[in-house]
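User: I am new to this structure. Please show me how to read its features, one at a time.

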Amino acid sequence: MGRVSNLNHAVLYVSDAARSAEFYGRAFGFEVVAREFGGSAIFMRAKDGQNHHDLGLFAVGADAPRPPSGSTGLYHLAWEVQTIEDLAEIASTLSEARALGGASDHGVSKSLYGIDPDGIEFEVMWRVPREAWGEYADKAAIAPLDLDAEVRRWGAQSVAV
């Protein structure tokens, strides 16, 4: 049986593809790869991404209904960053955009939670080095995140393990 190795890309229905592309470009540094169908479909890639696109945005119009809270469907996508400093920079960017909804320490990862212009929730996370997971390897922990402390612990100038 074949096995999936990772998430290649996500495609979102949004009310305004250009507005959403501007948000994801500013918040995550995604770059536009292609605009199709008169701009109603926009494909974006992470700056150092190896995929054709990491995010597709398909406009459905400003009057499209949103799914009711608590309905079945996708809860959120999690985007991964390479360093804890990257996470701190995105925290600042999301705060400035008033799109940061929360932050959690999951033991194995440090996560930010945000909401895009259409109310679509997302996570941005940094993965703790595997050898430092310890007791969290078999737990689903949720604790408050002290991002400044984590940058001091895991940042480029620190040796944390």
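**Reading the side chains**

Analyst: Start with one residue. Ser 20 lies in helix 1. Keep in mind that this is a predicted model.

User: Is Ser 20 buried or exposed?

Analyst: Compare the relative accessibility with the cut-off. Buried means under 20%. Ser 20 has 0% relative accessibility, so Ser 20 counts as buried.

User: Which residues is Ser 20 in contact with, leaving aside its neighbours within four places in sequence?

Analyst: Ser 20 is in contact with Val 14, Leu 57 and Asp 118, once those neighbours are left aside.

User: Now the charged side chains. How many salt bridges does the count come to?

Analyst: The rule looks for a side-chain nitrogen of Lys or Arg within 4 Å of a carboxyl oxygen of Asp or Glu. The count comes to six salt bridges.

User: What does Glu 22 form a salt bridge with?

Analyst: The partner is Arg 26. The closest N and O atoms of this pair are 2.9 Å apart. Now place the two residues. Both Glu 22 and Arg 26 lie in helix 1, which covers residues 17-28. They are four residues apart, about one turn of the helix.

User: How does accessibility class Glu 22 and Arg 26? What is the percentage for each?

Analyst: Partly exposed is the class between the buried and exposed cut-offs, under 20% and over 50%. Glu 22 has 44% relative accessibility, so Glu 22 counts as partly exposed. Arg 26 is also at 44%, and therefore counts as partly exposed.

User: Which salt bridge links distant parts of the chain?

Analyst: Take Glu 150 and Lys 110. Their closest N and O atoms are 3.6 Å apart. Glu 150 sits in helix 3 (residues 147-154), and Lys 110 in strand 7 (residues 109-115). The two are 40 residues apart. Both Glu 150 and Lys 110 are buried.

User: Which residues are linked with Lys 110 and Glu 150 in a network of salt bridges?

Analyst: Asp 105 joins them. Asp 105, Lys 110 and Glu 150 are linked in a network of salt bridges.

User: What is the N to O distance between Glu 135 and Lys 139?

Analyst: Their side chains meet in a salt bridge at 3.1 Å. Check each partner against the cut-off. Glu 135 is at 53% relative accessibility, so Glu 135 counts as exposed. Lys 139 is at 49%, so Lys 139 counts as partly exposed.

User: Next, the aromatic rings. What describes a pair of aromatic rings?

Analyst: Two values do: the distance of the centres and the angle of the planes. In this structure the count comes to 10 aromatic pairs. One of them is Phe 30 with Trp 79, 5.3 Å centre to centre. Their planes are at 80 degrees, and the pair is edge-to-face.

User: Where do Phe 30 and Trp 79 lie?

Analyst: Phe 30 lies in the loop between helix 1 and strand 2 (31-36), and Trp 79 in strand 5 (residues 77-81), so the pair ties together parts that are 49 residues apart in sequence. Phe 30 is buried, with a relative accessible area of 9%. Trp 79 counts as buried at 15% relative accessibility.

User: What are the distance and angle for Trp 126 and Trp 154?

Analyst: The ring centres are 5.6 Å apart and the planes are at 55 degrees, so the Trp 126 and Trp 154 pair is tilted. Trp 126 is in strand 8 (residues 121-127) and Trp 154 in helix 3, 28 residues apart. Trp 126 is buried at 6% relative accessibility, and Trp 154 is buried at 10%.

User: Which residues form one aromatic cluster?

Analyst: Phe 23, Tyr 24, Phe 28, Phe 30, Trp 79 and Phe 122 do.

Terms used. Residues are numbered from 1 along each chain as its sequence is written. This is a predicted model: local features need pLDDT of at least 70, side-chain atom pairs count only at pLDDT 80 or more; totals for chains, interfaces and linings use all residues. Side-chain values use heavy atoms; hydrogens and water are left out. Buried means under 20% relative accessible area, exposed over 50%, partly exposed in between (1.4 Å probe, protein chains only). Rings of Phe, Tyr and Trp (its six-membered ring) pair if their centres lie within 6.5 Å; planes under 30 degrees apart count as stacked, over 60 as edge-to-face and the rest as tilted. Contact means heavy atoms within 4.5 Å.
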